[in-house]
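The following questions and answers set computed values against the definitions that give them their names. Please consult the sequence and structure shown here.

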Amino acid sequence: MTAVERGAYLVTLGGCADCHTPGHFLGRPDATRHLGGSDVGFEIPSLGVFYGPNITPDDDTGIGSWSEAEIVTALQTGFRPDGRGLAPVMPWRAFAQLTPEDARAIAAYLKHVPAVKNKVPGPLGPGEQAPAFVMRIVPPTAPP
Ligand code: HEC
């Protein structure tokens, strides 16, 4: 198995496409834009709204400008190359458990998938108006 094949296998198991492919949360994932960014954001109370970004190698709207080492760092420490920590909805604490070799295989695969041009909204701070669908935590209704 090549590193790219191993990466494809791990990305399937990691459920990456759920949060990083348009249409997934609307019940119809768009296979032509695999990993091209979600159209549904997660609202994290007091933190803001986060859309699973485009993680294809498109230079402008994806992570084409990231090195494989930078992708590995994001997966294993939760930090982007610009130093911003990723919101906890991105399950990097789980991916920190990957062996370095498996994390590198995922990075190799992400560099290999077709580039998709699609810029997701945000990230948005608390109270900012979301321009697309949002998954929201709704408080329980008070008992009558
Ligand atoms: C439960 C949803 C979810 C899953 C599953 C998930 N991600 Fe994410 N991911 C996100 C969100 C949301 C962000 C953006 C967080 C932020 O901007 O703070 C993100 C950010 C990223 C980033 C940083 C991209 C950028 O432009 O900042 C990378 C790389 C990434 N994810 C790769 C992966 C990979 C690879 C997998 C599977 C092994 C995966 N993600 C699984 C939700 C998820």
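Q: Why is the site of the iron atom of the ligand called octahedral?
A: The site has 6 donor atoms with angles of 87 to 179° among them. Six donors count as octahedral if opposite donors are over 155 degrees apart and all others between 65 and 115, so the site of the iron atom is octahedral. The model is predicted: local features need pLDDT of at least 70, side-chain atom pairs count only at pLDDT 80 or more, and totals for chains, interfaces and linings use all residues. Residues are numbered from 1 along each chain as its sequence is written, and side-chain values use heavy atoms, with hydrogens and water left out.

Q: What makes His20 and Met90 donors of the iron atom?
A: His20 (NE2) and Met90 (SD) lie 2.1 to 2.2 Å from the iron atom. Donors are N, O and S atoms within 2.8 Å of the metal (3.2 Å for Na, K and Ca), so both count as protein donors. His20 lies in helix 2 and Met90 in the loop between helix 3 and helix 4, so the pair ties together parts that are 70 residues apart in sequence.

Q: How do you know whether Ser46 is buried or exposed?
A: The relative accessibility of Ser46 is 72%, so Ser46 counts as exposed. Its phi is near 65°, a positive value in a residue other than glycine.

Methods:
Tetrahedral: all angles 85-135°; square planar, octahedral: opposite > 155°, others 65-115°. Helix = DSSP H or I, 4+ residues; strand = E, 2+ residues; numbered from the N terminus. Buried < 20%, exposed > 50% of the residue type's maximum accessible area, 1.4 Å probe, protein only.
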